[in-house]
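Colleague: I am new to this structure and would like to learn how to read it. Could we go through the features one at a time?

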Protein chains: 2
Amino acid sequence: MTRGRPPAHTRDQVVDAAIRVADTEGLAAVTIRRVATEIGAGAMSLYTYVPDKDRLLDLMVDRVGATMPATPVTGDWRADLLALAGAQRSLMRAHPWLPAALPNRRLTGPHMLAYLERGLAALAPTGLDGPTKMELIALITGFVAAYVTSELAGAAPPDEQVALITSALATGEFPHLAAALAEGGPGREPSFERIANWTISGLVEQASRE
Amino acid sequence: MTRGRPPAHTRDQVVDAAIRVADTEGLAAVTIRRVATEIGAGAMSLYTYVPDKDRLLDLMVDRVGATMPATPVTGDWRADLLALAGAQRSLMRAHPWLPAALPNRRLTGPHMLAYLERGLAALAPTGLDGPTKMELIALITGFVAAYVTSELAGAAPPDEQVALITSALATGEFPHLAAALAEGGPGREPSFERIANWTISGLVEQASRE
DNA sequence: TCCTTTATCGTACGGCGTACCGAAAATGCT
DNA sequence: AGCATTTTCGGTACGCCGTACGATAAAGGA
């Protein structure tokens, strides 16, 4: 039926290999040559499956989106959105390159559309109009990405930066900053649920108030 | 007094040249060689003023931060934060590469610390604790970056993407999405102030409620 | 068998960040 | 004045990158 030499791999194998490289070696390690050797192919063979590197990144994003568990739509928009945000956070923690790869990327894949659909379904009880719902979903997604980014990076502030900040504080020009840092953090830790609740409840309530 | 051959340029001249290139040709055009020719120097001479390209980006971010107008702190946190967010938005629209360059970047510069200080001062009347105030500022900054990004990119959705979405909608699997898109946008436009108000008011009110 | 179609992948090009190092240009000392 | 010292300048080169091109290989159809 199909003429010509049969492909030695599939597009999904290529995308999976790229995701594996990104997970273990970081997004910067995802190069055409690196992914090709990952599946035991020559570098140029990848272009049989993927038009260029940028599209490969699109495919990676959509493919990991497929692994996000389907959260239920119960009719309680607050709980539903919180669950959706939690699923997003888990996904981004499992694939730390995702927040960095997400911006500037087209909404190409069906899994991304499915995610959008679930968010809209969760927001249905609010009675908000369509464009507003879309904006809220984009804002919530952006928030989760920002949160996970700071969460993953937060652990280790480089020495050089600490030195710069302390020397800046010594000038006395930043009293509020000095006070805020001095408070330290004996109290409660940030807790994703707490902040996600602020964002979600705050946004939706304000949007509904109009 | 100072020994050795005198420098032909200054660090600020280098950073300004890099900003000029980014403004006119995009962030991708900011390469060591390109910036060097911009100031009429050899490529390797740049390394006299900047340790590596990553630090150059840090310096660019901090330097444009210096041009952000100083918004007043009146005691009305809502108005003050909105003004601060508006100033940020203006800055990002003047330097469209800024939202893309901002994440993954260290808070190295004094101007960034000054910005943080202003945000903390604006939040002082809320009585929130230091760490919470810091988180709120980070979230608001992230929101503005996300908003401006979509604002700048929004104009032109590529044909290929439109085709993909319409074909996906034709399957009937995305009823909410179809409905939301069908609503179109005859009504009010997004308006930065409106959405910024949602975010700011929503976040602070929720945070204060605890 | 030979032709057509398709996939494989070696080679090569231009561009990137930047290590290395000799040349150039200033000052300070004798 | 002459020399040593210190600092900057920038040419060359290395190892990466994405990818255009084209020869080669492997399948089915005639």
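Modeller: Begin with burial: of the 210 residues in chain A, 33% are buried. A residue is buried if 20 or more other C-beta atoms, placed from the backbone, lie within 10 Å of its own, exposed if 12 or fewer do, and partly exposed in between. This is a predicted model, in which local features need pLDDT of at least 70 and side-chain atom pairs count only at pLDDT 80 or more, while totals for chains, interfaces and linings use all residues. Residues are numbered from 1 along each chain as its sequence is written, and chains are lettered from A and ligands numbered from 1 in the order in which they are written.

Colleague: How many helices and strands are there in chain A?

Modeller: Helices (H or I, at least four residues) and strands (E, at least two) are DSSP runs, numbered from the N terminus. Chain A has 10 helices and 0 strands. The radius of gyration, taken over C-alpha atoms, is set against a globule rule of 2.2 Å times the number of residues to the power 0.38. For chain A the radius is 22 Å, well over the 17 Å that the rule gives for 210 residues, so the chain is more spread out than a compact globule. Along the principal axes, its C-alpha atoms fill a box of roughly 70 × 50 × 25 Å.

Colleague: Into which domains is chain A divided?

Modeller: Domain bounds come from an automatic or database domain assignment. Here they give domain 1 (11–50) and domain 2 (77–209) of chain A. The contact between them takes 4 residues from domain 1 and 4 residues from domain 2, where two residues are in contact if their C-beta atoms, placed from the backbone, lie within 7 Å. The C-alpha centres of the two domains lie 30 Å apart.

Colleague: What rotation superposes chain B on chain A?

Modeller: Two copies of a chain are related by a rotation about an axis and a shift along it. They are superposed by least squares on the C-alpha atoms of residues with pLDDT of at least 70 in both. In this model the rotation is 180° with 0.0 Å of shift along its axis, at an RMSD of 0.1 Å. That is the relation of a two-fold axis. Gly202(B) is the residue of chain B that comes closest to the axis, at 1.7 Å (C-alpha).

Colleague: How many residues of chain B are in contact with chain A?

Modeller: In chain B, 49 residues touch 49 residues of chain A. H7(B) gives the largest share of the chain B side, 12 residues. By class, that side has 27 nonpolar, 15 polar and 7 charged residues. Ala, Val, Leu, Ile, Met, Phe, Trp, Tyr, Cys and Pro count as nonpolar, Asp, Glu, Lys and Arg as charged, and the others, Gly among them, as polar. The copies meet through the same surface, because 100% of the interface residues of chain B are also interface residues in chain A.

Colleague: Which residues are closest to DNA strand C?

Modeller: A residue is near a strand if its C-beta atom, placed from the backbone, lies within 6 Å of it. DNA strand C is surrounded by 24 residues, the closest being Gly4(A), Ala8(A), Gly42(A), Met44(A) and Thr31(B). Helix H2 (residues 32–38) of chain B gives the most to this surface, with 3 residues.

Colleague: And which are closest to DNA strand D?

Modeller: DNA strand D has 24 residues around it, with Gly4(B), Arg5(B), Ala8(B), Gly42(B) and Met44(B) the closest. Helix H2 (residues 32–38) of chain A provides the largest share of that surface, 3 residues.
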